[in-house]
Amino acid sequence: MIRLRSKKLFKRSSSKASGGNGGCSRNGDIQWELRPGGMLVQKRECGEGADEEITVRISTGSSWHEISIGATVTFGELKIVVGMVTGLEPREQRLLFKGKEREDGDHLHMVGVRDKDKVLVLEDPAIKESKLMMAMAERQVMSSPCHTVIEV
């Protein structure tokens with residue numbers, strides 16, 4: 001959080017006007033925050049817990065999980081948490097929200113992810129295919145020496 005002092009352009013004549021700010025400003029200071037996109041905006045909430053925590057429902061096709069995470073984290077950070085739960089590495093995951101694949105640098109709150117929203121996790125088909133090819137190659141290597149020993 002960034003705090004900046006601003007000059008008052010107008011004097012407030014009533015006592016109600018000076019205190020009617022919802023208690024957000026202390027001693028006439030305006031609270032500012034820097035958004036992940038780089039925009040400096042006036043802070044809306046007064047609470048010291050700046051990061052709101054949301055629950056995201058993760059669907060992996062056959063199963064689903066509920067993950068509590070900060071609202072301002074990126075999809076890349078969400079992939080790390082999903083990897084801990086599902087066992088898929090972050091590079092093997094494709095996260096879809098509202099029918100679109102999201103990049104690792106996209107922030108949840110900027111895309112519109114709210115509490116109890118659903119995010120679909122798919123395994124990357126290219127990596128899935130390469131895993132399958134490696135498994136087949138291992139089987140061939142493992143089976144070749146056995147035939148040689150049997151023939152002798």
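Student: In which loop does glutamate 92 lie?

Tutor: The model is a predicted one. Helix α2 covers residues 75-86, and strand β6 covers residues 93-97. Glutamate 92 lies in the loop between α2 and β6.

Student: Is glutamate 92 buried or exposed?

Tutor: A residue counts as buried under 20% relative accessible area and as exposed over 50%. The relative accessible area of glutamate 92 is 4%, so this residue is buried.

Student: Which side chain meets that of glutamate 92 in a salt bridge of 3.3 Å, N to O?

Tutor: The criterion is a side-chain nitrogen of Lys or Arg within 4 Å of a carboxyl oxygen of Asp or Glu. Among the residues that glutamate 92 touches are Leu122, Ile127 and Lys131. The partner at 3.3 Å, N to O, is lysine 131.

Student: Where does lysine 131 lie, and how many residues apart are the two partners?

Tutor: The salt bridge between glutamate 92 and lysine 131 has an N to O distance of 3.3 Å. This pair links distant parts of the chain, with glutamate 92 in the loop between α2 and β6. Lysine 131 is in helix α4 (residues 125-151), and the separation is 39 residues.

Student: Which residues are linked with Glu92 in a network of salt bridges?

Tutor: Lysine 131 is partly exposed, at a relative accessible area of 39%, whereas glutamate 92 counts as buried at 4%. The network joins Glu92 to Glu123 and Lys131.

Student: Why is strand β6 described as largely enclosed by the rest of the structure?

Tutor: Strand β6 has five residues, numbered 93-97. It is largely enclosed because the number of its residues that are buried is four of the five.

Student: Which residue in β8 stands opposite leucine 95?

Tutor: Strand β8 comprises residues 118-123 and pairs with β6 in the antiparallel sense over four bridges. Opposite leucine 95 stands valine 121.

Student: Which residue takes a positive phi in the hairpin of β6 and β7?

Tutor: Two bridges join β6 to the antiparallel strand β7 (residues 100-101), and phenylalanine 97 stands opposite lysine 100. The hairpin has two residues between the strands. The residue with a positive phi near 55° is lysine 98.

Student: How many residues apart in sequence are the parts tied together by lysine 116 and glutamate 66?

Tutor: Their side chains meet in a salt bridge of 3.9 Å, N to O. Lysine 116 is in the loop between α3 (108-111) and β8, and glutamate 66 is in strand β5 (residues 64-70), so the separation of the parts tied together is 50 residues.

How values were computed
Residues are numbered from 1 along each chain as its sequence is written. This is a predicted model: local features need pLDDT of at least 70, side-chain atom pairs count only at pLDDT 80 or more; totals for chains, interfaces and linings use all residues. Side-chain values use heavy atoms; hydrogens and water are left out. Buried means under 20% relative accessible area, exposed over 50%, partly exposed in between (1.4 Å probe, protein chains only). Two strands pair if DSSP finds at least two bridges between them. Contact means heavy atoms within 4.5 Å. Lists of a residue's contacts leave out its neighbours within four places in sequence.
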